Amino acid sequence: MEDDIQEEVLSQFKERRLGGWQILQLTAGTGLAVYAVWAGILMPGFRRVPLKLQVPYMPASRAQVSNVMTLLKGRSGGIADLGSGDGRIVLEASRQGFSPAVGYELNPWLVRLAYFHAWRAGQHRSVSYRREDLWKVDLSTYKNVTVFLAPSVLSLLQKKLLAELPEDALIVAGRFPFPDWTECEVKGEGVDRAWAYHIQELRHRYQSQDKHEKNS
């Protein structure tokens with residue numbers, strides 16, 4: 001599925017040289033097309049998703065991307081962006097040397113838009129956007145995970161991350177923090193704020209709590 005989407009998007013642009021005005025037209029057209037499909041086709045299906053799992057698309061700002069990357073500074077290896085939207089976090093992570101840089105997004109139109117952005121930036125061979133349900137993704141190989149999700153989803157995601165991530169993994173949440181976790185570092189202010197969490201510290205804290213409860 002991922003390869004089919006990538007080839008479909010790239011084939012539309014490989015054979016022609018685009019000027020600035022053409023790229024602007026394509027970008028605007030893509031955005032309008034995404035909105036039209038969302039309003040007419042995807043939104044009715046979205047309403048059938050349980051309310052607590054609904055995650056509306058809100059692109060990350062430049063400040064948010066910068067804050068996330070600052071919290072990841074000095075780290076390396078693979079990175080997974082859960083609910084990757086138009087792919088800008090994955091794209092910037094790839095530019096800064098993370099590999100593999102993978103985004104997981106259920107909305108097929110956003111996956112196509114992400115690949116278009118990657119192609120325009122000359123990074124389409126360095127990133128991967130997969131149309132997969134994040135709840136079914138195996139995260140055990142990722143040492144870096146980023147999330148821009150609603151608080152109701154974050155509360156459910158905590159258990160999966162604690163169970164699957166390697167001991168040296170770092171999680172960065174943008175826009176909203178994990179409701180039950182204590183962050184190790186915070187960057188930015190207001191809506192641009194990002195929170196970092198070391199999985200090892202979180203597990204140690206939970207183990208200490210469980211031990212205390214058993215002894216009490």
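Q158 is found in helix α6, which covers residues 151-164. Helices (H or I, at least four residues) and strands (E, at least two) are DSSP runs, numbered from the N terminus. This is a predicted model, in which local features need pLDDT of at least 70 and side-chain atom pairs count only at pLDDT 80 or more, while totals for chains, interfaces and linings use all residues. Residues are numbered from 1 along each chain as its sequence is written, and side-chain values use heavy atoms, with hydrogens and water left out.

Q158 counts as buried, at 5% relative accessibility. Buried means under 20% relative accessible area, exposed over 50%, and partly exposed in between (1.4 Å probe, protein chains only). Leaving aside neighbours within four places in sequence, Q158 is in contact with F178, P179, D180, W181 and Y206; contact means heavy atoms within 4.5 Å. With D180, the side chain of Q158 also makes a polar contact of 3.1 Å. A polar contact is a pair of N or O atoms within 3.5 Å; within protein, one must be able to donate a hydrogen and the other to accept it, and residues adjacent in sequence count only if both atoms are side-chain atoms.

## Helix α5

Helix α5 takes in residues 108-120, and its end C-alpha atoms are 19 Å apart. This agrees with the 18 Å that its 13 residues should span at 1.5 Å a residue, the expected span being 1.5 Å times one less than the number of residues.

Of the 13 residues of α5, 10 are buried, so the helix is largely enclosed by the rest of the structure. Among them are P108, Y115, F116, H117 and W119. At the start of α5, a side-chain oxygen of N107 comes to within 2.9 Å of the backbone nitrogen of W109. Just after the helix, G122 has a positive phi of about 75 degrees.

## Backbone features in two loops

Most residues other than glycine have a negative phi, and most peptide bonds are trans. R175, which is not a glycine, has a positive phi of about 75 degrees. R175 sits in the loop between β5 (170-174) and β6 (185-187) and is buried, with a relative accessible area of 15%.

The peptide bond joining S99 and P100 is cis, with omega about -5 degrees. P100 belongs to the loop between α4 (88-95) and β2 (101-104).

## The chain overall

The chain has 7 helices and 7 strands. Buried residues make up 41% of its 216 residues.
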